[in-house]
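Hi,

Here is the structure I promised to pass on. Have a look at it first, and then read my notes below.

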Amino acid sequence: MKKMLTCAISAVSLLAGVSAVSIPLAYAQKAEPVAYKDAAMTEVVEHSAVEYKINANGQSYGIGAHAEYVSDLPDLVAAVGDNGVEGYVYASEFLKSPANPTEALEYKKKIESGEYVPAVINVYESDGKTVVDTLTETLSQ
C-alpha cells in the first residue's frame, strides 16, 4: 500500500510539476462529463471524471493515480507524510501555484538565491479535518 501511495504522489508531482511559472488550476464539476479536445486539437471528445469515495463533509478522497487531468483529482489526494504516516492532502494545497506572474518571479528568485523556505502542508485522515502528519515540499530541479 505504501508503495502505491508513493507512486500516486509521484504521479501527482509529475502531473503538477513545481515550476516558476504555472498554469492556474481550474477545477471542473466532478459530477458531469467535461468536454476536452483530442490530442490533435481538432475535435471535442467526451471525458468522464474518475469516481472517488466521499467523506461526511462531501469531499472526494482517494489515490488519484487514474486521473487523466488535474480536474480529475479528488479533493483529498492520498499521501505519505514526513513521518511515514499515510493519509490525505488537499489537492488545492498540494498543487498550489503562483497567483500571478509577479509572484512566480519572486518564487523563482527565492529558489535561485537559496532563500526559499519549502511549504509544509498538513496530512489528514479521510475526514479532511484530523491532522495525522505533515508533508514538506521538495523542489525538483
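Ser60 sits in strand β4, residues 60-62 (helices, H or I of at least four residues, and strands, E of at least two, are DSSP runs numbered from the N terminus). Ser60 is buried, at 5% relative accessible area; buried means under 20%, exposed over 50% and partly exposed in between, with a 1.4 Å probe and protein chains only. Its side chain reaches the backbone nitrogen of Asp75 at 2.9 Å.

Before I go on, the ground rules. This is a predicted model, so local features need pLDDT of at least 70 and side-chain atom pairs count only at pLDDT 80 or more, while totals for chains, interfaces and linings use all residues. Residues are numbered from 1 along each chain as its sequence is written, and side-chain values use heavy atoms, with hydrogens and water left out.

The overall layout: the protein chain has three helices and eight strands, in the order α-β-β-β-β-β-β-α-α-β-β from the N terminus. Of its 141 residues, 30% are buried.

Back to the strands. β4 and β5 pair in the parallel sense over two bridges (pairing takes at least two DSSP bridges between the strands), and Gly62 has Val77 as its bridge partner in β5. On β6 (residues 86-90), β5 is joined antiparallel through five bridges, with Ala79 opposite Gly87. β5 and β6 make a hairpin with five residues between them, and Gly84 in the turn has a positive phi of about 80 degrees.

How is β5 placed, then? Five of its five residues are buried, so the strand is largely enclosed by the rest of the structure. Leu76, Ala78 and Val80 point one way, and Val77 and Ala79 the other.

Now the largest nonpolar core, which has 12 residues, including Tyr52, Val70, Val77, Ala79, Ile121, Val123 and Leu135. A core here is a set of buried Ala, Val, Leu, Ile, Met, Phe, Trp, Tyr and Cys residues joined through side-chain atoms within 4.5 Å. β5 (76-80) and β7 (120-124) each supply at least two of its residues. Apart from it lies another core of six residues, among them Tyr61, Leu76, Tyr88 and Tyr124. Leaving aside neighbours within four places in sequence, Leu135 is in contact (heavy atoms within 4.5 Å) with residues including Ala79, Val89, Phe94, Ile121 and Val123.

Last, helix α3. Its 13 residues (101-113) should span 18 Å at 1.5 Å a residue, and the end C-alpha atoms are 18 Å apart, which agrees; the expected span is 1.5 Å times one less than the number of residues. Asn100 caps the N-terminal end, with a side-chain oxygen 3.1 Å from the backbone nitrogen of Thr102. After the helix comes Gly114, with a positive phi near 80 degrees.

The structure holds one salt bridge, meaning a side-chain nitrogen of Lys or Arg within 4 Å of a carboxyl oxygen of Asp or Glu. Lys108 forms it with Glu112, the closest N and O atoms being 3.9 Å apart. Being four residues apart in α3, the two are separated by about one helical turn. Lys108 is partly exposed at 38% relative accessibility, whereas Glu112 is exposed at 60%.

Cheers

Notes
A polar contact is a pair of N or O atoms within 3.5 Å; within protein, one must be able to donate a hydrogen and the other to accept it, and residues adjacent in sequence count only if both atoms are side-chain atoms.
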